[in-house]
Amino acid sequence: MALTTTACDQAASFDDLPEIVITASDYSFAAPRSAEGGLVRVTLDNQGAETHQVELVRVVDGHEPDEIETAIRRRDVVALNSMVIYHGGPNEVAPGSRGTVATQLDPGTYVLLCFVASPDGTLHVLRGMIAQIDIAPPESEVPARPPAFDASVSLQDYRFEVTGDIGEGRQLVLVKNEGSEPHELRLSSGGRGAGGSSTISPGSETWVELNLESAPHSVFCYVPSEKQNGRLHIDLGMHTSITVP
Ligand SMILES: [Cu+2]
């Protein structure tokens, strides 16, 4: 594994970060009621028969978790985005596999969501894949240093920019949102989920553990656009393909 950072001796080990494990099934989450925040790993263990994701959204002060579900049912992207901060999570986790993402979790009330659609088009969140977790301040006052990474993906309005080489096997990819809207990174190969980061707010970043096979991969973002009348980013050009050598 070639580390492209120049400060790897300064970096935290990804595997040493505290871990929150969430289990997905068709169609529910099993998660702890509360966990310690800070820079943590979030793992999604997909025990279902469909691809799943977990999206951790922090409910901003003055709003309640119930309002999140109402906004989703009404497909009101503007209302939803005004009530939450998107902290990411493992995305495109194939049935029977696990995905892990490191992300910064600030203290607060979070809602766990899965926006993957079933073959009939129904979003999993509307089938019961919604749960709540309370994040407490980290016990350590010294913040964990960000882990070293092998490549990075910049999320922009409405495109992906890859820096460095994404290769076969296990690697850590920094995903940063440099756009003005929330964005996500989904990878798939041959129709099977291959990992990624769930939605992150503009200006935030996550570290995604990928374990890729040598094959062509599709890269896409299904976030609905607040500025373009709810049109999906994929339909605004936010898709590309990469060939993993
Ligand atoms: Cu996007």
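Two strands count as paired if DSSP finds at least two bridges between them. The model described here is predicted.

**Sheet**

By that criterion, 5 strands make up an open sheet with mixed pairing, and their order is S3-S9-S8-S5-S6. Strand S3 (34–36) and strand S6 (84–86) are at the edges; each has a single partner strand, so one side of each lacks a neighbour in the sheet. On average, and ignoring direction, neighbouring strands of this sheet are turned by 35° against each other.

At one end of that order, strand S5 (residues 55–59) pairs with S6 in the antiparallel sense, over 3 bridges. Within this pair, Val57 has Tyr86 of S6 as its bridge partner.

**Nonpolar core**

Nonpolar side chains tend to be buried together in soluble globular proteins. The largest nonpolar core in this model has 55 residues. Which of its residues touch the most other members? They are Ile22, Val54, Leu112 and Val173.

For Val173, contacts can be listed with its neighbours within four places in sequence left aside. They include the run Phe149, Asp150, Ala151, Ser152 and Val153. Val173 is also in contact with Ile166, Val208 and Leu210.

**Backbone exceptions**

Most residues other than glycine have a negative phi, and most peptide bonds are trans.

Tyr27 lies in the loop between strand S1 (19–25) and strand S2 (28–30). Tyr158 is in the loop that runs between strand S10 (151–156) and strand S11 (159–163).

Arg75 is in the loop between helix H1 (65–73) and helix H2 (77–83), while Glu92 is in the loop between S6 and strand S7 (98–105).

Are Arg75 and Glu92 buried or exposed? A residue is buried if 20 or more other C-beta atoms lie within 10 Å of its own, and exposed if 12 or fewer do. Arg75 has 11 other C-beta atoms within 10 Å, and is therefore exposed. Glu92 has 27 C-beta neighbours inside 10 Å, so Glu92 counts as buried.

Technical notes: Residues are numbered from 1 along each chain as its sequence is written. This is a predicted model: local features need pLDDT of at least 70, side-chain atom pairs count only at pLDDT 80 or more; totals for chains, interfaces and linings use all residues. Helices (H or I, at least four residues) and strands (E, at least two) are DSSP runs, numbered from the N terminus. Axes are lines fitted to C-alpha atoms, for helices over the stretch in contact, and angles run from 0 to 180 degrees between N-to-C directions. A nonpolar core is a set of buried Ala, Val, Leu, Ile, Met, Phe, Trp, Tyr and Cys residues joined through C-beta atoms within 7 Å. Two residues are in contact if their C-beta atoms, placed from the backbone, lie within 7 Å.
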